[in-house]
Amino acid sequence: MRMKLLFTAVFAALSLTFLGGCVRPTMTFNDKTYAVLTEKEEKALVERSRILLSRPSKALTVDDVAVVQHTEPKVEVKYTGDCTGILKIIWTGPEKIIISTFDGELLTSNVGWMLETEKRLPEILRFSPPPISEQK
């Protein structure tokens, strides 16, 4: 009898641990609450992008691949449902901005993927005319 009680207590504790560990973070926007990706899931998508972009191609040079592999990107997510939406991973290199976009159900194998590159614009210099000196 004690063994059965001990087994039931252990099973209940493990069940609560697993159920409590599966609580997904949420975000509320315009009175709608969505389940969102965890930080670990976002990092997994960044790593998936790095694998997809691990070789030079027509779009990426060897230097671009090095930027993707060795720098931390900016991650932007726009949710349209539970763990569904558009996730952009953005690397800014010296010559290009590299954008890896996942679109759809972000945690499934059916998620869409797209690569965009933009030429980086030079920094804009502001010209301020010299102060007008009083004329003599």
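Author: Start with a polar contact. This is a predicted model. In it, a polar atom of the tryptophan 91 side chain lies 3.2 Å from the backbone oxygen of threonine 71.

Reader: Which element holds tryptophan 91?

Author: Tryptophan 91 is found in strand E4.

Reader: Is tryptophan 91 buried or exposed?

Author: Read the relative accessibility. Buried means under 20%. Tryptophan 91 counts as buried because its relative accessibility is 0%. Valine 75 is 16 residues away in sequence, and its C-alpha is 9.1 Å from that of tryptophan 91.

Reader: How should I read a nonpolar core?

Author: In soluble globular proteins, nonpolar side chains tend to be buried together. Here the largest nonpolar core has 20 residues. Leu37, Leu87, Trp91, Phe102 and Leu106 touch the most other members. At least two core residues come from each of E2, helix H2 (39–52), helix H3 (62–70), strand E4 (84–92) and strand E5 (96–105).

Reader: What is leucine 106 in contact with, neighbours within four places in sequence aside?

Author: Leu37, Leu45, Val77, Tyr79, Cys83, Thr84, Gly85, Leu87 and Val111.

Reader: And strands: how do I read a pair?

Author: Look at the bridges and the direction. E1 and strand E2 (residues 32–35) are joined by four bridges and run antiparallel. Threonine 28 stands opposite threonine 33 in E2. The E1 and E2 hairpin has two residues between the strands, and asparagine 30 takes a positive phi near 50° there.

Reader: Where is proline 25?

Author: Proline 25 sits in the loop between helix H1 (2–21) and strand E1 (26–29).

Reader: Why does proline 25 count as partly exposed?

Author: The class lies between the cut-offs of 20% and 50%. Proline 25 is at 33% relative accessibility, so it counts as partly exposed. Beyond its neighbours within four places in sequence, proline 25 is in contact with Tyr34, Ala35, Val36, Leu37 and Thr38. Glutamate 39 is 14 residues from proline 25 in sequence and 9.8 Å from it in space, C-alpha to C-alpha.

Reader: Now the whole chain. What is its secondary structure?

Author: Three helices and six strands. Their order from the N terminus is α-β-β-α-α-β-β-β-β.

Reader: How many of the chain's residues are buried, as a percentage?

Author: Buried residues make up 24% of the 136 residues. The accessible surface comes to about 11000 Å², and carbon and sulfur atoms account for 60% of it. Among contacts with a separation of 6 or more, 40% join residues 24 or more positions apart.

Terms used
Residues numbered from 1 in each chain as written. Predicted model: local features only at pLDDT ≥ 70, side-chain atom pairs only at ≥ 80, totals over all residues. Heavy atoms only, no water. Buried < 20%, exposed > 50% of the residue type's maximum accessible area, 1.4 Å probe, protein only. Contact = heavy atoms within 4.5 Å. Pairing = 2+ DSSP bridges. Core = buried A, V, L, I, M, F, W, Y, C linked by side-chain atoms within 4.5 Å. Areas by Shrake-Rupley, 256 points an atom, 1.4 Å probe, with all protein chains shown as cover. Polar contact = N/O pair within 3.5 Å; in protein donor to acceptor, adjacent residues only side chain to side chain.
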